[in-house]
Amino acid sequence: MKTTTVPSILIGPGGSGGRGHIKGLREVAQRGLDCMEIEFTYGVRMKPEMAETVGALAEDLGITLSVHAPYYINLASYETDKIDASCKRILDSCQRAHLMGARKVVFHAGFYQKRTPRETYRLIRKEILDVQQHIRKAGWQVALCPEITGKPSQFGSTEELLELMQDTGCGITVDFAHLYARNQGNIDYDAVMPRLPQAFHAHFSGIEYTAKGEKKHIRTQPAHFRPLLDALINHHKNVTLICESPKPFEDAIMMKGMLEQKKRNN
Ligand SMILES: [Zn+2]
C-alpha cells in the first residue's frame, strides 16, 4: 500500500469575490476553506482599525490571512518618486498585514524596461533590503514575498526570485499559473519542485497566455490542478495556496475537494 503523508496544504480565495472582507472570511470558514488573501489591488485603502477587526475575525475562525500589495509597484523605475511610492505601497500593506496577523505580503517587484536583468535585479534587491529595514524597525511580523510573474518582460522569473531569497532572506510567492504562462503551457512540476523551499506561499488558477506570456487568469479546471496537487504531495511541500481565478471561492472549493479526496485515498 502506498503511504505518502499529505503535507500541509492550505487552500483559499484571492480576495472576497466582491463580498467584502468580513462576509468573505465568514464564507471561507463556512465552506471549509483555510486561508484568504486580502487584495489591495488599486491602493491600500483599508483603515488600520478595519485591519484589526478583520484580523480578530480571522483568528476566531482559524483562517490564515495573507496580503497582496497594490499592482502598481516598480522598484526598478527610472523615476525616484515612483520607487518611493512603490516602497510606500509595500510598507502600507505590511502595516495592515501586521495589524491583521497576516504574515506574508505579496507583490510584483518591477519591470526591466530598458535595463538589463542584472541591473534590474540589483536595484530591486537594494529596495527590498531597505523596506526590510523599515519592517524590522517598526517591529512588524511580516515577510516580503515577491511573486513569480507571468510575463518574461516583467522582473520575476523563478531564478531571480530564488536568488533574491538567498540575498535578502525574503520569502517567495510561486504563482504556478504564471510559470505555466511563462513556459507557454509546458510545466514539469517534478523539475520545479526540488528547486523551491520546503514551505512557501503560492497562487494558482487557470490562465490564458500568448507568446508574450500571461494574458488573463481564467476558471480553474480539475485537469489544471491535478498535476500540481500530485507534485506538492510527492515533494512534501507545505503551502498556502491562493486561488486567483475569476471565481476564487468556487474554484478554491473544487481544489479543496480534490485535496480531501487525496487524503482519503492515502
Ligand atoms: Zn498571482
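Let's start with Asp34, which sits in the loop between helix H1 (21-30) and strand S2 (35-39). Keep in mind that this is a predicted model.

**Asp34 and its surroundings**
- Asp34 counts as partly exposed because 19 other C-beta atoms lie within 10 Å, and a residue needs 20 or more to be called buried.
- If you skip the neighbours within four places in sequence, Asp34 is in contact with Leu10, Ile11, Gly12, Ile63 and Thr64.
- Lys256 is 222 residues away from Asp34 in sequence, yet the C-alpha to C-alpha distance is 9.1 Å.

**Ile11 and the core**
- The largest nonpolar core has 66 residues, and Ile11 and Val105 are the ones that touch the most other members.
- Again leaving out neighbours within four places in sequence, the contacts of Ile11 include Leu33, Asp34 and Cys35.
- Further along the chain, Ile11 is also in contact with residues including Leu241, Cys243, Ala252, Met255, Lys256 and Leu259.

- Four strands make up an open sheet, running in the order S2-S3-S4-S5 with parallel pairing.
- S2 and S5 are the edge strands with a single partner each, so one side of each has no neighbour in the sheet.
- On average, neighbouring strands here are turned by 30 degrees against each other, direction ignored.
- The parallel pairing of S2 with S3 runs over 5 bridges.
- Met36 has Leu65 of S3 as its bridge partner.

**Tyr71, in another loop**
- Tyr71 lies in the loop between strand S3 (64-68) and helix H3 (80-100).
- Tyr71 is partly exposed, since 13 other C-beta atoms are within 10 Å, while a residue with 12 or fewer would be exposed.
- Apart from neighbours within four places in sequence, Tyr71 is in contact with Thr41 and His108.
- His236 is 165 residues from Tyr71 in sequence and 31 Å from it in space, C-alpha to C-alpha.

**Helix H5**
- In H5 (residues 158-168), the buried residues are Glu160, Leu161 and Leu164.
- These residues share one side of H5 because they span an arc of only 95 degrees around the axis.
- The buried residues of H5 pack against helix H4 (117-138) and strand S5 (143-146).
- Glu159 and Gln166 are exposed on the other side of H5.

Technical notes
Residues numbered from 1 in each chain as written. Predicted model: local features only at pLDDT ≥ 70, side-chain atom pairs only at ≥ 80, totals over all residues. Helix = DSSP H or I, 4+ residues; strand = E, 2+ residues; numbered from the N terminus. Arc of directions from axis to C-beta. Contact = placed C-beta atoms within 7 Å. Core = buried A, V, L, I, M, F, W, Y, C linked by C-beta atoms within 7 Å. Pairing = 2+ DSSP bridges. Axes fitted to C-alpha atoms, helices over the stretch in contact; angles between N-to-C directions.
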